Amino acid sequence: RRKKNAPPNGRRTSRKEIYSLKPDFTGLIRRPCAARETAYAHGAQRFRMKRESALLEAFVGGLRFAAQLGFTIEPETSNAMHELRNLLDDIAVERIWIEFAGLLCGPYAVPVLREYHDIVFVIIPELAVEYEFDQHNPFHVYDVWEHTLHALEAAPPDMDATVRLALLLHDIGKPHCLVIDEEGRGRALGHDKEGEPIAREVCKRLKLSRAQCETVTHLVAHHMFHIPDAERAMRRFLVRHGERHAQELFAIRRCDKIGLGHEQPPDNPMSVAFAKAEKLMDEQLNAEPVFGIKDLAVNGRDLMKLGVEQGPALGVMLQKLLDAVVDGDVPNEHDALITRAQRLMSYSDAARWEEPRSKGARRKARVAGRREAAVEARPSRGIAWDGAPKDREAACQRTPRSGLSGSDRRGSFIVRHRANCR
């Protein structure tokens with residue numbers, strides 16, 4: 001006997017299979033409130049779901065199709081989308097991110113984002129403050145939202161969705177830190193650092209992976225980087241950000257510059273510096289670059305064979321060698337790095353070449369070094385620095401019973417040991 005509400009063919013469809021079906025937009029979104037049901041087409045079979053979530057996913061998918069294929073959404077359907085935009089909160093954020101990522105990667109993404117900005121602001125409410133926000137700056141022709149859209153429009157076709165999301169959020173901190181100076185010019189100093197925690201919250205709410213969240217926040221926090229102007233500066237830039245993030249930062253900076261609204265001439269100082277930096281990056285990437293300790297010609301085992309103890313001192317030594325290679329003082333060759341390591345190890349104490357992090361630790365290291373140097377330079381009198389006599393008989397012979405002069409006393413510990421010498 002056939003069960004109630006069962007499919008005609010007797011086969012029950014799983015939730016995973018239902019969500020994998022493509023929506024049928026013909027007459028589907030025109031009646032968004034009809035019976036609170038959604039029809040999905042799969043061949044000649046139609047499945048029904050008694051919730052609006054699938055319907056809402058359908059019109060979010062409609063935005064994705066419009067961004068990818070370039071078609072215009074039917075007016076009645078478009079009005080229904082604007083009317084039901086607040087119901088997007090009922091959809092799983094994972095599904096929203098899948099559709100939104102496809103939207104960002106579409107060749108017609110900017111017109112869709114511009115027309116349906118109210119729906120985008122429901123997905124990412126932090127972007128709402130950018131809309132029609134005047135920057136009060138002659139270098140920016142558009143408001144923050146239009147500037148962001150023009151920057152996104154300049155993105156290359158091969159830019160992935162994660163980097164495009166970072167480009168969409170790169171100025172999200174500007175409305176929170178914009179100040180007007182005495183001349184009436186707006187300045188948003190530090191808006192990159194201000195936007196980092198906001199971008200992190202957006203990534204967490206959309207439930208991006210840890211790697212995607214790290215990429216978006218890193219690009220937002222450093223998109224106002226200082227342009228390297230020399231080989232050493234470029235090598236340090238690559239070591240700090242890594243090859244992939246460094247290239248993505250340059251891509252975002254290029255789009256950000258195009259999004260200003262006015263074309264900069266090739267002889268502009270900023271354009272010349274940016275072109276020089278791009279050339280330097282290409283040269284460094286093609287010349288067997290060193291991006292980290294793992295790229296050095298030596299490893300921890302080689303240094304342990306020289307006598308470096310396993311632990312923090314080993315990491316400090318490797319970091320010293322990496323800095324020397326990045327600065328161009330030592331080539332990335334095994335023999336040269338071993339010689340450099342032996343030179344660093346020639347000091348009597350590891351604290352002399354180790355750089356403590358805190359100011360107090362550095363001050364203690366300097367005091368300890370001065371004390372040790374004073375002990376080595378002072379003529380031996382049979383008394384150790386800590387006051388313990390090295391040899392009682394030698395100390396009694398060299399130290400007169402009448403006592404030492406004030407200049408020879410290195411502290412009250414000598415007076416403390418006079419009785420032992422009598």
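Here are some worked exercises on the structure above.

This is a predicted model, in which local features need pLDDT of at least 70 and side-chain atom pairs count only at pLDDT 80 or more, while totals for chains, interfaces and linings use all residues. Residues are numbered from 1 along each chain as its sequence is written, and side-chain values use heavy atoms, with hydrogens and water left out.

**Exercise 1. Get an overview**

Task: Find how many helices and strands the protein chain has, and what share of its residues is buried.

Solution: 
- Step one is the elements. The protein chain has 21 helices and four strands. Helices (H or I, at least four residues) and strands (E, at least two) are DSSP runs, numbered from the N terminus.
- Next comes burial. Of the 422 residues in the protein chain, 42% are buried. Buried means under 20% relative accessible area, exposed means over 50%, and partly exposed is in between (1.4 Å probe, protein chains only).
- Last, look at contacts, meaning heavy atoms within 4.5 Å. Among contacts in the protein chain with a separation of 6 or more, 63% come from residues 24 or more positions apart.

**Exercise 2. Explore the cores**

Task: Work out which residues have the most contacts inside the largest nonpolar core.

Solution: 
- Start with the term: a nonpolar core is a set of buried Ala, Val, Leu, Ile, Met, Phe, Trp, Tyr and Cys residues joined through side-chain atoms within 4.5 Å.
- The largest one has 67 residues, and those with the most contacts inside it are Phe100, Leu113, Ile124, Leu127, Leu165, Leu168 and Leu169.
- Now zoom in on Phe100. Not counting residues up to four places away in sequence, Phe100 touches Leu113, Val120, Ile123, Ile124 and Leu168.
- Apart from this core lies another, of 18 residues, with Leu303, Leu314, Ile338 and Ala341 among them.

**Exercise 3. Check a helix**

Solution: 
- At the start of H14, a side-chain oxygen of Asn268 comes to within 2.9 Å of the backbone nitrogen of Met270.
- The buried residues of H14 are Ser271, Phe274, Ala277, Leu280, Met281, Gln284 and Leu285. Their cover includes helix H12 (231-241) and helix H13 (243-258).

**Exercise 4. Buried or partly exposed?**

Task: Decide whether Thr148, His245 and Val239 are buried or partly exposed.

Solution: 
- Take Thr148, in helix H7 (residues 144-153). Thr148 is buried because its relative accessible area is 0%. Leaving aside neighbours within four places in sequence, Thr148 is in contact with Glu130, Leu167, Leu168 and His170.
- Move on to His245, in helix H13. With a relative accessible area of 8%, His245 is buried too. A polar contact of 3.2 Å links the side chains of His245 and Glu248. Such a contact is a pair of N or O atoms within 3.5 Å; within protein, one must be able to donate a hydrogen and the other to accept it, and residues adjacent in sequence count only if both atoms are side-chain atoms.
- Finish with Val239, in helix H12. Val239 is partly exposed, as its relative accessible area is 25%. Val239 and Leu322 are 83 residues apart in sequence, yet 9.4 Å apart in space, C-alpha to C-alpha.

**Exercise 5. Spot the positive phi**

Task: Say where Glu132 and Lys207 are found, and what their phi values are.

Solution: 
- Some background: most residues other than glycine have a negative phi.
- Glu132 sits in the loop between helix H6 (117-123) and H7, and its phi is near 55°, a positive value. At 59% relative accessibility, Glu132 is exposed.
- Lys207 is in the loop between helix H10 (191-205) and helix H11 (210-222). The phi of Lys207 is near 60°, also a positive value, and Lys207 counts as exposed at 52% relative accessibility.
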